[in-house]
Each structure stands twice: as C-alpha cells, then as structure tokens.
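Subject: Structure handover

Hello,

The structure we discussed is below, with the sequence.

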Amino acid sequence: MSRPRKDPRGERAAHLVPGGARPRFDLATTPATSGRPRRDPRAEERLALVPGTLRRRLDRAQRAPVASFAPAPAPVEAEATPRRVVIAEPAFLVAVVPDAPGGRLSAHDRQLFGAARLLADAGGGAVLAFVEQPGEELAAAGADRVLALPITGYDPEAKTAALNAALAALDLRHVLFAESAEGGDLARRLAALSGAPFFAGVESLSPKAVTRAARGRRVEQRGAPTRLLTLAPDAVAPHTGSLHEARPVAFAFPETTGGALVSAQFIPADPAKVSLAEADFVVSAGNGVSDLATFRALVAALGGTPGASRMLCDAGLMPRAAQVGASGTVLEARGYFALGIAGAPQHLQGVARCEHVIAVNTDLHAAMIERAGLAIVADAQKVMPALLRLLGEEGAP
C-alpha cells in the first residue's frame, strides 16, 4: 500500500505570520518527529534581556537558576626555582679558564661552562673555575668549585705558571679555554710549558670526541678530548636549568719569579677610530636621525664607536665602513645602541652576537625594539640631546 507524499509547500502555507500572507519558517510551530515541540533559540533570546536595559542577554546563566558566585581566580603559577646541584665528592675535575673581560663572563665564557658540564656530567665529575675575581654569576653558569688565581692585571707568564702548578697538583682531566686572543694565547703557553696534549679550535664536543675543520674547511679533524682544549665561539650552548654550588676552594700557589716580561698593560684604543669588528660598544644611527652633529657628540660622550644603517651609508651621510649588518660588518660588541633604526633583517643579522642591545624608535612594533633588551619608544632626535644633558650633569663638578 503506497503512502501519500507530503507537500512541504502546503505545510508552509498552513503556518502564516499573523496579520500577513508571509509564510512562517520558525521551528517553534513545527512538531518534532518524537512528538516533543522543538525549542526556538531566537525566542529564548528575545525573552532574555539584561535587567534595566533592552539589550539581549546571550549568556546561558539565565536559562537555569544557579547560585550567584564570583568566578574562582585562575591559579597563579609559581616561578620555577632552579634546581640546586651539589657534588660533594667528584670523581675528577674539568677546569674552565674564562676570559671574563671587565670581571664579567662573556657569552663565549658561558659556552665554555656548557662544554665543561658536558664533560663533567658524563662521568660524575665537577667543574672548577679559575678566575681572578669570583662572582655570583658562576653558580648559574655551572661552576661547582671556584679557585681564585693570585694574578692581577695582564701577566700571561705568571698566569701560565700558576695554571701549570694547578695542573700538576690537582686531578684536572680537562682544562678549557676560549679560542680568543687572550684565551688562545694562554692555552698555547700552558701546552708548551706543561707538555700536555692540546686540541685547538673545537667546533663540536662530546665526552667521546671533539672535531674541528681543517685545510680550508675541506676536511674534518676528529679525536678524543685532550687535556687542554680551546673552544670556538658558538660550538656549545651555555649551561642552563640548574644552579651549582660554586664553592670557593683554596690552593697553595707557588711564588712566581720574574719572567721575560717586565711590565704588561692594556692600552685602550680610541673607540672613534677602532674598526666595528673589534669595537666593544657601538652607537648607530638610522633613518630616524637627521642631526648627525648631535649624534657624533653623543657617541663621543658615551665612549662608543660610531655605526650606521645601510640607508644612511647609501645616502652618503655616513662612511661605508660604519655600516652595520650582513652586507656591512657583523658585530662582536658587548653593547649596541641603535638610534632611529627600524631593524631590517640584514641589520639584525649584524647585531645577532651583541650581548646587550638598546634601541630608540617611535614605532613600538619595530623589529629593533623587539630585539632590544632595553627599549625607549620615543623620537631619537629628542632623546639624543636629553642624554647629552644628563651626561653633562653627571660629569659636572
């Protein structure tokens, strides 16, 4: 027996909007297949109004009576405290001789401690730091023991003799230096004096092998970690995640006799004439700087080396040797002060290795502002004379 087909148009015609011939398409009048009438959410919204206003109340709290209560505040996550590590009886020692310019660890020095932790943690050893001035940053860097050298100032012969005495008396499995002008010279002096095996310019390191490039980087030299090592920059990541003891230890260094060097001292170079590649603090101007006379006065007052963005160099306002960036000079400076520089990608590549970056720009979302550790969102033209005035007040008697 065939069932008659429904005419949906006829059903729609049966439901007309009151007072008009327009069909009513809401769901409230259409019976559900189960016999239970379907809800019309639009009708519920029309009935739910904010008390005292004609605005709809669209939250769901009005659909069922609930107890009035304030939402519980989100739990505040406590800052993770670094795990403290104490190695009471190490099986051996891995020594680090950081450059520590100005008494502070550089980025390269922190990488030395990261490499020392790799070698020490593989066999239950501890990291010993040879420093002239012990500081609080050694514990976070990864030092378990700290031994102060009886050397003040620049005296490579006396420092080499003191390290050689410690190398002979202490259980030092490895001694790590930075492959730098000072660290590399000291490591080679110690290798010649002690006769210990030496591997220079380590570019990758593990407890079982060290490697470096040779013959114009066409081949790779590989060997087991020797007793004396110098580490190339960016070969190993710095140590993070745990706080070590950095316990001071005592050692009776022998008295050193006079060597071939009668007197040695560092003579600071004129920062205005030093090349950008060797500068320690660079102050650069960008397109936001138009008063170059005030800029040069500020650079001289801060004792920095002048730099510039590519835009100023292309315009002939600054010499090409002052250009900072991938197409100019990649800096190794500890400090970089950018005035009115937005931060093009090639410019950011030039300051990637700078430890501290300060930026002045009117754009809060400029790439250089995001890169900076300290940012001033202001016009560089107004910041420069203000800084000169403050520097003058500090220097006034």
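In what order do the strands of the 3-stranded open sheet run, and is the pairing parallel or antiparallel? The order is 7-8-9, and the pairing is antiparallel. Strand 7 (204-205) and strand 9 (219-223) are the edge strands, each pairing on one side only. Between strand 8 (residues 210-214) and strand 9 there are 5 bridges, in the antiparallel sense. Within this pair, Thr-211 stands opposite Arg-222 of strand 9. Please keep in mind that this is a predicted model.

The other sheet in these notes is also open: 7 strands in the order 6-10-5-2-3-4-12, with parallel pairing. Strand 6 (198-202) and strand 12 (247-248) each have a single partner strand, so one side of each has no neighbour in the sheet. Helix 3 (residues 107-121) packs on this sheet and touches strand 2 (93-97), strand 3, strand 5 (172-178) and strand 10 (228-231). The direction of helix 3 makes about 160 degrees with that of strand 5.

Strand 3 (residues 126-131) and strand 4 (residues 145-148) run parallel and are joined by 4 bridges. Val-131 has Ala-148 in strand 4 as its bridge partner.

On the cysteines: the structure holds 0 disulfides. Cys-313 has a relative accessibility of 6%, so it counts as buried, the cut-off being under 20%. Cys-354 is buried as well, with a relative accessible area of 6%.

Regards

Notes: Residues are numbered from 1 along each chain as its sequence is written. This is a predicted model: local features need pLDDT of at least 70, side-chain atom pairs count only at pLDDT 80 or more; totals for chains, interfaces and linings use all residues. Side-chain values use heavy atoms; hydrogens and water are left out. Two strands pair if DSSP finds at least two bridges between them. Helices (H or I, at least four residues) and strands (E, at least two) are DSSP runs, numbered from the N terminus. Contact means heavy atoms within 4.5 Å. Axes are lines fitted to C-alpha atoms, for helices over the stretch in contact, and angles run from 0 to 180 degrees between N-to-C directions. A disulfide is a pair of cysteine sulfur atoms within 2.5 Å. Buried means under 20% relative accessible area, exposed over 50%, partly exposed in between (1.4 Å probe, protein chains only).
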